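Here is a short note for a colleague who has not seen this structure before. The points below take up a pocket, the aromatic rings and one of the chains.

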Amino acid sequence: MESYGLNSIRSSVVRKQVKPTEQDAFSSKELREEGGTQFMGPGFLEEIETSRVRRRAYKFWYHPYTELGILVLVTLSVLLLIIELSIPSGQPAGWLGGATAGDWGGWLVWTDLAITFVFVVEYLSKLWIAPPGRKWFFVRSSWVELLAILPVLRFLRLFRVFRLARLFRVLRLLRSARMLRATKLLANSFHNFGSDLQKNRTGNAIIIVYFLGAMLFGTVGILTFERGAGSGFETLGDGMWWAVVTLSTVGYGDIVPITTGGRIVASFMVIMGLGLWSVLAGVLASTLLHRLRNKRSTGLDILGITSHVVICGWNDNGLRLIRDFRSTLPQAHLVIVSRRDDLGIRLDSHLHHLWFDPYSAESLKAAQPEDASALVVLAERRGGESATEIDARSVLVCLALRKLGCEARLVVELLSEEHKLLADNAGADDVIVAEEYAGTLLSQAVQSPGLIKAFDELFEAGVGSHFREVGLDAEYQGQSFSQVSKELFEAQGVCMVALRRGQKILVSSGDDLVVKQGDRAIVIRPLGVRGAPADSSEEAPDQREGLR
Amino acid sequence: MTEPKTIVICGWNVHGERLVDDLQQIEPPVEIVIVSEGEAPSVVDESGSVQGLRWMNAPPTSSAVLNKLSLDEALAVVVLATSLDARAAESVDARSILTVLSVRALSERCHIIVELLDEENLSLARAANVDEVLLNNRYAGVMLSQAIQSIGLGDFFGDLFRSGGGAALREVAVAQTLVGSRFSEAMLEAPALKLGALVGVRRGEDFHIPPRENLVLRAEDRLLVIRSG
């Protein structure tokens, strides 16, 4: 439903002949990523579509650049608060034109009034944008925004409440947590550094904001109640020092609150301090564990490795691929390039995961495909796509890899055999269309009961047997297929299955084939069998033909 | 006992097209009955039947429907996954296993082959007394791995798994003349017996592909061969 709503907004923009700008696209993307419409309640997108003015107001107030501006005002507001607190109460300050901090004539007050006015306008606008009777008022940070504009009450001089209004001004800082999505403007330019860094930056910023917010709450709160009460809290510095000591749970006791209000503030500060360190320790431990468990490569730790295998895209076949590949070449480096989080496999020193989009040439470069010994493109499904769309992406990756000048062996997985020619033209050396084999397998199983088990034996990952194509020494030339089969089996324990002669594969049909010069043998070899190779290309994995 | 001449396909998906195509090449010809709900399979015409091929628009789990098919005389019953969407694997496999149970309840003899999506449901299928299980897309990963390590295997696998392709894996009985011979000696005799390329031996439920030692062939053994399809 959300995507329908977003598309409707986008299409309505087009209908009005307003060119979709970077601003529009970014807003929609942000809304989608942040779930920005969720807190507006169900049916919000459909309702906002009906009013052009509301739509524009929505886009303006929720745009990241607007929120960045609000963040600046929040910061300025808090700075003004700090400045106000730095002036001893009731003391006129020369730089205020002889006025005190609380004087109506002072620029301090008027600036704060102007900022508060902007916040009031913002709040009322968002209230108007929100569907009537919806949850917006009660969810997310809207109540924080309401509290943040309560300082306007100080101008009404309602009883002694306006003293507490200072406290509410600190709450404006809490809004900065929501404004962090504006930092995505910066994060977008760093997306190539990997999601772990991106996510941690946001998490770390939240902790810092929490700490600063707690500090300011404590400083302002304690000064609000304790200044002038004879407890020793006179200046801003006193308040800040006490806040640090209390928040860190050290509690020197050099200055302590003596008023009821001050002690209530102190109680909150103690709880916030305990919570802060607990969260910090937990976040650190969790991050360390996460990085140890799912060590995503940033591309720096694979610098310098060569003859690795690059796997572009990911699906369940990748698990068996890796398991089988490692059964024969356990020391080979494998680099997976995929945006998927749930690979379902434990990474290690030889298995790397680059959290990049495999369909971008720039991202592929990070995997150093030009130094790879082999490249694999897997059919990565992203939900709801047709086989043609998935195969098209795979073919594009093949083109991108060849365009990067990669000469390594390229194997691609397709979903439909119809696209095999396209993959060949895109530079693929081999194509596997496994999904189409099921029908034939079932047919063979009908005709030869038990045959599926034979295939299971042949294609069990990491065990069973492996097919290989190997060269044949000159001594085998002129000999019959059956004779060569016997000699290979007795010497090396392998069974010759077919001959490759140029581009053709020749399988025995009953007549005995004769081995010719240049013929290569396709053999089945059980894993773990040792024996003299048929030729030098069997000797070492990295010298095998096709692998650099 | 009459020669079984019917193959029943319960459920339908795109793999069924290749399956039917292959089965229609069998000699002697067999009758293929497709039991599925909803849209007519692409292999049947508007009348719902073509030569040797019949479609019954009915749930394949229905005993009333299955009872009409003389399952005891069928060559095999193939249960296809009703959907190939891996996200719905649990429900799809559940339905397939239910179909297996329905068929087995009516016939103890018939050979049942089921297509599953999720390997975790394998034990449940075995518990339902199925004869063979084909896990969808099970072999792709290994094929990719082997294709990386050796040139040209992709083409070979295509031949091996394509109907009418250049290669087919088959199981044949050990000829009387080969009983008591070693496996390597049987390789020499293979052309004369029109066997193709010997790749392994099945002894009971165990497969030796290829044998790790030069086995002496027994009469009850089955030879695994690859020959042109």
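1. The largest pocket holds about 1,400 Å³ of space. The model is predicted: local features need pLDDT of at least 70, side-chain atom pairs count only at pLDDT 80 or more, and totals for chains, interfaces and linings use all residues. Residues are numbered from 1 along each chain as its sequence is written, chains are lettered from A and ligands numbered from 1 in the order in which they are written, and side-chain values use heavy atoms, with hydrogens and water left out.

2. A pocket here is an open set of points on a 1 Å grid over the protein atoms alone, where a 1.4 Å probe fits, with protein on both sides within 12 Å along at least five of seven lines; lining residues have an atom within 4 Å of a point. The lining of the largest pocket counts 39 residues, and A:Arg381, A:Glu435, B:Leu84, B:Asn136 and B:Asn137 lie nearest the centre. Two or more lining residues come from each of α13 (317-328) and α15 (387-403) of chain A and α1 (15-23) of chain B. With four residues, α13(A) gives the most.

3. By class, this lining has 18 charged, 11 polar and 10 nonpolar residues. Asp, Glu, Lys and Arg count as charged, Ala, Val, Leu, Ile, Met, Phe, Trp, Tyr, Cys and Pro as nonpolar, and the others, Gly among them, as polar.

4. Over all chains there are nine aromatic pairs. Rings of Phe, Tyr and Trp (its six-membered ring) pair if their centres lie within 6.5 Å; planes under 30 degrees apart count as stacked, over 60 as edge-to-face and the rest as tilted. One of the pairs, A:Phe217 with A:Phe268, is edge-to-face, at 6.4 Å centre to centre and 90° between the planes. A:Phe217 is in helix α10 (residues 195-226) and A:Phe268 in helix α12 (residues 260-293) of chain A, 51 residues apart.

5. Is A:Phe217 buried or exposed? Buried means under 20% relative accessible area, exposed over 50%, and partly exposed in between (1.4 Å probe, protein chains only). A:Phe217 has 17% relative accessibility, so this residue counts as buried. A:Phe268, at 47%, is partly exposed.

6. The rings of A:Phe455 and B:Tyr139 have planes at 35° and centres 6.4 Å apart, so this pair is tilted. The pair crosses between chains, from helix α18 (residues 451-458) of chain A to the loop between β7 (132-135) and α5 (140-149) of chain B.

7. Chain B has seven helices and 11 strands; helices (H or I, at least four residues) and strands (E, at least two) are DSSP runs, numbered from the N terminus. Of the 229 residues in chain B, 56% are buried.

Note on methods
Points joined across faces, edges and corners; volume = space filled by probe spheres on them.
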